[in-house]
Amino acid sequence: LLPSTGESASENIRNLTILPESRPVYYDFDLFNQPGQVPEMDNRPLSELIYTVFDTETTGLNPAEDEIISIGAIRIVNNHLLRDENFDQLVNPGRTLPFESIQFHRIEQHMLQNQPSIEQVLPRLFRFAEGTVLVAHNAAFDMRMLQMKELSSKTKFINPVLDTMLLSAVVHPAHANHSLEAIAARLGVSIIGRHTALGDAIATGELFVKLIPLLAKMGIYTLKQARDASQKTHFAKIKY
């Protein structure tokens, strides 16, 4: 970043406010070797699988320190988004919300006071998602958030996972931007309720349904083929 004429570099840097547009692109979670990946699912066409598309809202962007405050999920069956089959739950994090996170997702402290803890919520999400393929945008972040609560909630999500960010990079490798907003603009999807867990899950589900035929045009038909193609993308190799 170069200072404008008449400003010193140090003055310019002090005055900068850099806010992240969204979450970090990747967190250290192995999406490609989940215990629930079995040949029976791997070899099935993407169009025949049942999916649980989910999203989390959190107190911040560090899974080792931050807490989940909202989880939203929705089902996809036969390439159709089943809006009536959804999971939408606020979570009491047991701590004060940072001002920055409130500005981001508009969930305020008083809204969480009488909500269940993550130890109560995750077993319910586990049952909702059981036997399905998990789908999320920048899935490694959300999966890492779930992983941090495995012991306390006595749940372990072993489901195969697909990431719409990585699948977008497979379908449109020439594009540098694979944010939820950018993919939605390319595929003609309207995002309603951005930065709400259920709203983002619905948008991610709509994107995923549109990505499936685009993957098929590239010869990517099965779950394993989609996962293998995702693993070769640039984004899958970035860690923070």
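The largest nonpolar core has 32 residues, and L31, I71, L125, M143 and L146 touch the most other members. Such a core is a set of buried Ala, Val, Leu, Ile, Met, Phe, Trp, Tyr and Cys residues joined through side-chain atoms within 4.5 Å, where buried means under 20% relative accessible area with a 1.4 Å probe, counting protein chains only. Two or more residues each come from β2 (68–77), α4, β4 (133–136), α5 (139–147) and α7 (164–171); these are DSSP runs numbered from the N terminus, helices (H or I) of at least four residues and strands (E) of at least two. Apart from this core lies another, of 31 residues, including I74, V189, L215 and A229.

A word on the source: this is a predicted model, with local features needing pLDDT of at least 70 and side-chain atom pairs pLDDT 80 or more, while totals for chains, interfaces and linings use all residues. Residues are numbered from 1 along each chain, and side-chain values use heavy atoms, without hydrogens or water.

Now for the rings. The structure holds three aromatic pairs, meaning Phe, Tyr or Trp (six-membered) rings with centres within 6.5 Å, stacked under 30 degrees between planes, edge-to-face over 60 and tilted otherwise. Because Y51 sits in strand β1 (residues 51–58) and F208 in helix α9 (residues 197–217), their pair ties together parts 157 residues apart in sequence.

F87 and F128 have centres 5.9 Å apart and planes at 50 degrees, so their pair is tilted. F87 belongs to strand β3 (residues 80–90) and F128 to helix α4 (residues 118–129), 41 residues apart; both are buried.

Note on methods: Buried means under 20% relative accessible area, exposed over 50%, partly exposed in between (1.4 Å probe, protein chains only).
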